[in-house]
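Student: I would like to learn how to read salt bridges, helices and cavities from a set of coordinates. Can we go through one case together?

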Amino acid sequence: MGRLGTELMRDAGNIYWLLKLKMEIRSAQKQIRDKNNSHWAYCYTLLHSVGPSFAMVIQLLNTELLDAVAIFYLVLRALDTVEDDTSIPIEEKVPILKDFHRHMYDHKWQFSCGTDCRILMEQFHHVRAALLDLKKCHQETIEDITEKMGAGMAKFICKEVETIDDYDEYASCASGLVGLGLSKIFHDAGLEDLATESLSISAGRFIQKTNIIRDYLEDINEIPKSRMFWPRQIWSKYVKKLEDLKYEENSSKSLQCLNEMITNALPHVPDCLRYMTGLQDNAILRFVAIPQVITMGTLALSYNNINVFRCGVKLQRGLVARIFFQTRTKADVYKAFFEFSNLIKSKVQDNDPNAMKTLTSIEAIQKICRKSGYLGKRSYREYTPTLIIAFSVIILCHFIYLSTTQPNN
């Protein structure tokens with residue numbers, strides 16, 4: 001049946017959004033084939049390979065931003081590839097991370113690694129060529145963020161995440177700096193006012209902390225060596241070793257620890273909402289908001305969910321597709337955050353040691369949503385079922401036609 005068929009059977013309620021997203025992916029892939037410049041065509045092909053979800057969101061941007069943000073992503077993904085490869089000796093990895101902002105301009109520099117994204121490193125000369133096509137201001141932003149991120153990653157290669165301050169610092173260097181760089185790129189393109197550093201970094205931290213929570217099982221089972229980003233200051237309250245959280249006999253303590261980690265991430269949400277409220281360009285709003293809504297949804301799914309430690313958690317593709325198409329305005333953003341915060345609220349148990357703190361953060365989020373004035377507008381979940389079904393049939397027929405008349409790419 002294939003992955004799409006399996007997803008349609010499991011997530012039939014979102015069939016329309018899944019099929020529509022499939023059509024968007026086909027359209028984006030056709031745009032890549034139509035590019036004449038070989039290194040740019042390769043970069044966008046690579047983007048769809050190593051970051052398919054990001055590749056779809058980035059298509060919302062205009063050409064200048066599209067190119068700058070695509071190369072920004074690929075450069076940082078290459079840097080992240082080095083950090084993630086646990087087979088590289090520390091004494092070799094640390095200098096590469098610290099000097100990566102110089103290596104990315106060096107035509108003679110090459111590096112091979114054993115990760116799933118090794119093709120990105122082996123073909124990095126295409127990324128380098130595209131980087132040099134960008135405006136100087138965008139090159140400088142990418143270089144500056146890469147230098148700071150590389151230095152932060154190098155620091156935490158040699159240091160465990162012990163305290164919550166360490167955790168905040170790591171989340172800042174791993175993703176908060178991405179928010180800072182994007183804000184600078186938006187501003188230099190003349191499309192947005194320059195967002196404050198604190199809001200930009202906090203919005204990035206929110207995504208990174210959620211990813212760290214979601215990826216617990218993948219990171220702890222990493223071969224040849226586990227990657228551990230949960231702060232000892234939190235998990236040591238519940239277990240002796242971080243890997244103990246995945247064992248069934250510790251389920252109760254594991255959930256309490258998980259809920260405290262999620263509660264730690266929630267105070268970033270008001271900053272995320274303030275950041276998005278300040279955006280003026282609608283394409284940029286959607287580019288920023290879609291990952292933020294998905295992140296909030298992931299956090300809501302993860303709260304008090306033992307599957308974080310058993311098999312991992314992930315939003316169904318149908319819901320992700322629906323978020324992609326239905327997140328179009330600030331009203332949609334506020335409605336989504338309000339509803340996902342309600343989901344967390346409904347799962348808070350009185351006997352959880354952080355219940356009051358969690359509920360206080362949820363109330364702060366919902367207060368901002370109410371004061372925005374957007375909640376009275378059309379619901380994020382409202383749609384006409386009959387119309388959706390009709391469109392689903394039309395798109396399914398069109399999808400089947402394309403599948404039988406066009407070769408796979």
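The dialogue below takes up salt bridges, a cavity, a helix and the cysteines.

Tutor: This is a predicted model, in which local features need pLDDT of at least 70 and side-chain atom pairs count only at pLDDT 80 or more, while totals for chains, interfaces and linings use all residues. Residues are numbered from 1 along each chain as its sequence is written, and side-chain values use heavy atoms, with hydrogens and water left out.

Student: How many salt bridges does the structure hold?

Tutor: A salt bridge is a side-chain nitrogen of Lys or Arg within 4 Å of a carboxyl oxygen of Asp or Glu. The structure holds 17. One of them joins aspartate 188 to lysine 184, with the closest N and O atoms 2.8 Å apart.

Student: Where do aspartate 188 and lysine 184 lie relative to each other?

Tutor: An α-helix has 3.6 residues a turn, so residues three or four places apart point the same way. Helices here are DSSP runs (H or I, at least four residues), numbered from the N terminus. Aspartate 188 and lysine 184 are 4 residues apart in helix 10 (residues 164-188), so about one helical turn separates them.

Student: Which residues are linked with Arg227 in a network of salt bridges?

Tutor: The network links Asp84, Asp219, Glu222 and Arg227. Arginine 227 pairs with aspartate 219 at 2.8 Å between the closest N and O atoms, and with glutamate 222 at 3.8 Å, N to O.

Student: Is aspartate 219 buried or exposed?

Tutor: Buried means under 20% relative accessible area, exposed over 50%, and partly exposed in between (1.4 Å probe, protein chains only). Aspartate 219 is buried at 8%, as is arginine 227 at 13%, whereas glutamate 222 is partly exposed at 22%.

Student: Which residues line the largest cavity?

Tutor: On a 1 Å grid over the protein atoms alone, a cavity is a set of points where a 1.4 Å probe fits but cannot get out, and lining residues have an atom within 4 Å of a point. The lining consists of Ile212, Tyr216, Asp219, Ile220, Arg227, Phe229, Trp230 and Leu242. Helix 12 (residues 216-220) gives the most to this lining, with 3 residues.

Student: What span should helix 3 have?

Tutor: The expected span is 1.5 Å times one less than the number of residues. For the 13 residues of helix 3 (residues 38-50) that gives 18 Å, and the end C-alpha atoms are 18 Å apart, which agrees.

Student: How many disulfides does a search of the whole structure find?

Tutor: A disulfide is a pair of cysteine sulfur atoms within 2.5 Å. The search finds 0. Cysteine 43 is buried at 2% relative accessibility, and cysteine 311 is exposed at 57%.

Terms used
On a 1 Å grid over the protein atoms alone, a cavity is a set of points where a 1.4 Å probe fits but cannot get out, and a pocket is an open set with protein on both sides within 12 Å along at least five of seven lines; lining residues have an atom within 4 Å of a point. Helices (H or I, at least four residues) and strands (E, at least two) are DSSP runs, numbered from the N terminus.
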